[in-house]
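This report describes a structure in terms of its salt bridges, helix packing, record annotations and backbone. Please read it with the sequence and model open.

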There are 2 protein chains.
Amino acid sequence: MATRTRRSQRRTEALSRERIVEAAVELLDTAGESGLTFRALTERLATGPGAIYWHVANKDELLGAATDAVIAAAVTVGTVAGTVGAATGTVGAATEGSRPATGEPGTTEPPASPQDDIRGVALGLFDAIARHPWLATQLAAQLSRSPWGTVTPRIFESIGRRVRALDVPESSWFTVTSALVHYILGAAGQNAANNASARSLPPGVDRDRFIDTVSRAWGELDPDEYPFTRAVADQMRGHDDREQFLAGVDLVLAGITATHHHGQE
Amino acid sequence: MATRTRRSQRRTEALSRERIVEAAVELLDTAGESGLTFRALTERLATGPGAIYWHVANKDELLGAATDAVIAAAVTVGTVAGTVGAATGTVGAATEGSRPATGEPGTTEPPASPQDDIRGVALGLFDAIARHPWLATQLAAQLSRSPWGTVTPRIFESIGRRVRALDVPESSWFTVTSALVHYILGAAGQNAANNASARSLPPGVDRDRFIDTVSRAWGELDPDEYPFTRAVADQMRGHDDREQFLAGVDLVLAGITATHHHGQE
DNA sequence: ACCTGAACACCGTTCAAGT
DNA sequence: ACCTGAACACCGTTCAAGT
């Protein structure tokens, strides 16, 4: 009933699309996908549903805008650390994807290779999706609703620029970039899904214990139907999520190099 | 109002979980994700909501069961054409993934390479997701709800067995299989998303015109923010979806071979 | 131009009651 | 054991009315 102590917080700023999207992201982060309702939103923003509908067409558009804002921030910061440039969606732009990661262009280090650059962007997306687990579902939904929207091109552009820096023939740019983006979104999405369900477990069960649980469950599958899965069940234990993710990126990068050098049309 | 001519069809069979899941899949296929409601379901099954709740815990479980049934069928048929074996979820098992595809183990052909085998399974999943576009969203949702569920192991097992047939060291099985599965689900999901929104366009606009539209939209993006995406906009035109998908699979396969042969730990 | 808030249609879920 | 169907709580969305 009583929502913390935040109720009717005497609106200071005027309502705006930006403020609404910001509140939506907060709600999604703290209360999950099912926590984003117009009633929760109106309470948090101390207004009525009609006011929100003045700035936003409907819930789908709101979810799309929230997704776009977070992705835009994650992808923009990837470019040059510190130089945020033109972050159109400003929600949390300063902190998104800040964790520097393996081969990120650092402070005094020599310019990174295109490969390291790609790893950096990939990790930025991976971390953003890990921080906002609802992105896993929403990215899929958003792409269904409008692939001509802004979120796909944003990701595509960010990866594609680095692909251009590899020695891949121009005729393969689209195929290669698509493959990278698909792997990144697939892997990051699955990871976020894992995190989301780890979070919903009985409290006191932390991340490691969760992987342990899944690993054990896989180890106890029917030996006739799932021999392989049983066999690798304990390989998933102790593996760091981000390392695992990067290993996959490297696999695709290796494939790109191999395919290009051998020149098999 | 009037639902075709199927209303109150004098239930012949007794209600069962299987029949409910089957009806759910049909509803999802014909009416989309928003078309699956308990009211539509009760009408189609000529029963009340209470009856459904006797067999199924809630909507999430129903969606999970529908997803699992379709994935199980798609993945099982991939093994040996015609020998369906133990198809636990029988929804449309006969027709799922039947289109033989490039390197599928055919009638009189020599046994396919592990690579061709992997391409076959990947295409089976790709086609299943293309036929049931709601899978794109539901796979993501399902993995969030219960990664210890049966759908992940099913896909993992199916790909993993073929990975074992490649000359990859056992210590890399998990990483390599994960990478393949992530790419497949990511790419198939995005493709299904495209199909889904192509379908929701004003009628008379077919698949080709849709890609044309997106391609043109990408070609008209801001040159300052999206130079790369603009440049490859017309590469996406005329590209066959399945070929594009297989090219990505080949890229990952090439990466696996390259990484293994060079032995870079 | 921007906001209010009651009202509407619809949805997932429950449950006392039937067979 | 299995099914019925009215009822409940809640949700997205609308709209006449206000400023």
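A:Asp116 and A:Arg119 are joined by a salt bridge, and their closest N and O atoms are 2.5 Å apart. A salt bridge here is a side-chain nitrogen of Lys or Arg within 4 Å of a carboxyl oxygen of Asp or Glu. The model is predicted: local features need pLDDT of at least 70, side-chain atom pairs count only at pLDDT 80 or more, and totals for chains, interfaces and linings use all residues. Residues are numbered from 1 along each chain as its sequence is written, chains are lettered from A and ligands numbered from 1 in the order in which they are written, and side-chain values use heavy atoms, with hydrogens and water left out.

**Salt bridges**

Both A:Asp116 and A:Arg119 belong to helix α5 (residues 114-131) of chain A, where they sit three residues apart, about one turn of the helix. Helices (H or I, at least four residues) and strands (E, at least two) are DSSP runs, numbered from the N terminus. A:Asp116 counts as partly exposed because its relative accessibility is 25%. The terms for burial are as follows: buried means under 20% relative accessible area, exposed over 50%, and partly exposed in between, with a 1.4 Å probe and protein chains only.

In chain B, B:Asp116 and B:Arg119 also form a salt bridge, at 2.5 Å from N to O. These two residues lie in helix α5 (residues 114-131) of chain B, three residues apart, about one turn of the helix. B:Asp116 has 25% relative accessibility and so is partly exposed, and B:Arg119, at 21%, is partly exposed as well.

Another salt bridge links B:Arg161 to B:Glu157, with 2.8 Å between the closest N and O atoms. Its two residues are in helix α7 (residues 151-165) of chain B, four residues apart, about one turn of the helix. B:Arg161 is partly exposed at 31% relative accessibility, whereas B:Glu157 is buried at 3%. Salt bridges with shared partners also join A:Asp116, A:Arg119 and A:Asp250 into one network. Over all chains, the count comes to 22 salt bridges. In general, side chains of opposite charge can pair when their charged atoms come close.

| Salt bridge | N to O distance | Helix |
|---|---|---|
| A:Asp116 and A:Arg119 | 2.5 Å | α5 of chain A |
| B:Asp116 and B:Arg119 | 2.5 Å | α5 of chain B |
| B:Arg161 and B:Glu157 | 2.8 Å | α7 of chain B |

**Chain A and its annotations**

Chain A has eleven helices and zero strands. Of its 265 residues, 51% are buried. Among the contacts in chain A with a separation of 6 or more, 64% come from residues 24 or more positions apart. Contact means heavy atoms within 4.5 Å.

An unreviewed UniProt entry places the feature "domain: HTH tetR-type" at residues 14-74 of chain A. That stretch of chain A is 75% helix and 0% strand, and its end C-alpha atoms are 27 Å apart. UniProt, again in an unreviewed entry, places "DNA-binding region" at residues 37-56 of chain A. Residues 37-56 of chain A are 75% helix and 0% strand, with the end C-alpha atoms 14 Å apart. UniProt positions are given in the numbering used here, feature names are shortened, and annotations may be inferred rather than shown by experiment.

**Helix packing in chain B**

Helix α1 (residues 17-31) and helix α2 (residues 38-45) of chain B pack at an angle of about 115 degrees, and their axes are 10 Å apart. On the α1(B) side, the residues in contact are B:Arg19, B:Ile20, B:Ala23, B:Ala24, B:Glu26 and B:Leu27, and on the α2(B) side B:Ala40, B:Leu41, B:Arg44 and B:Leu45. Axes are lines fitted to C-alpha atoms, for helices over the stretch in contact, and angles run from 0 to 180 degrees between N-to-C directions.

**A buried threonine**

B:Thr177 is part of helix α8 (residues 173-199) of chain B. With 0% relative accessibility, B:Thr177 counts as buried. Leaving out residues up to four places away in sequence, B:Thr177 touches A:Phe228, B:Phe156, B:Ile159, B:Gly160 and B:Val163.

**Positive phi at alanine**

A:Ala46 has a phi near 50 degrees, a positive value in a residue other than glycine. A:Ala46 lies in the loop between α2 (38-45) and α3 (49-55) of chain A, and is partly exposed at 27% relative accessibility. B:Ala46 likewise has a positive phi, of about 50 degrees, although it is not a glycine. B:Ala46 is in the loop between α2 and α3 (49-55) of chain B, and its relative accessible area of 28% makes it partly exposed. Most residues other than glycine have a negative phi.
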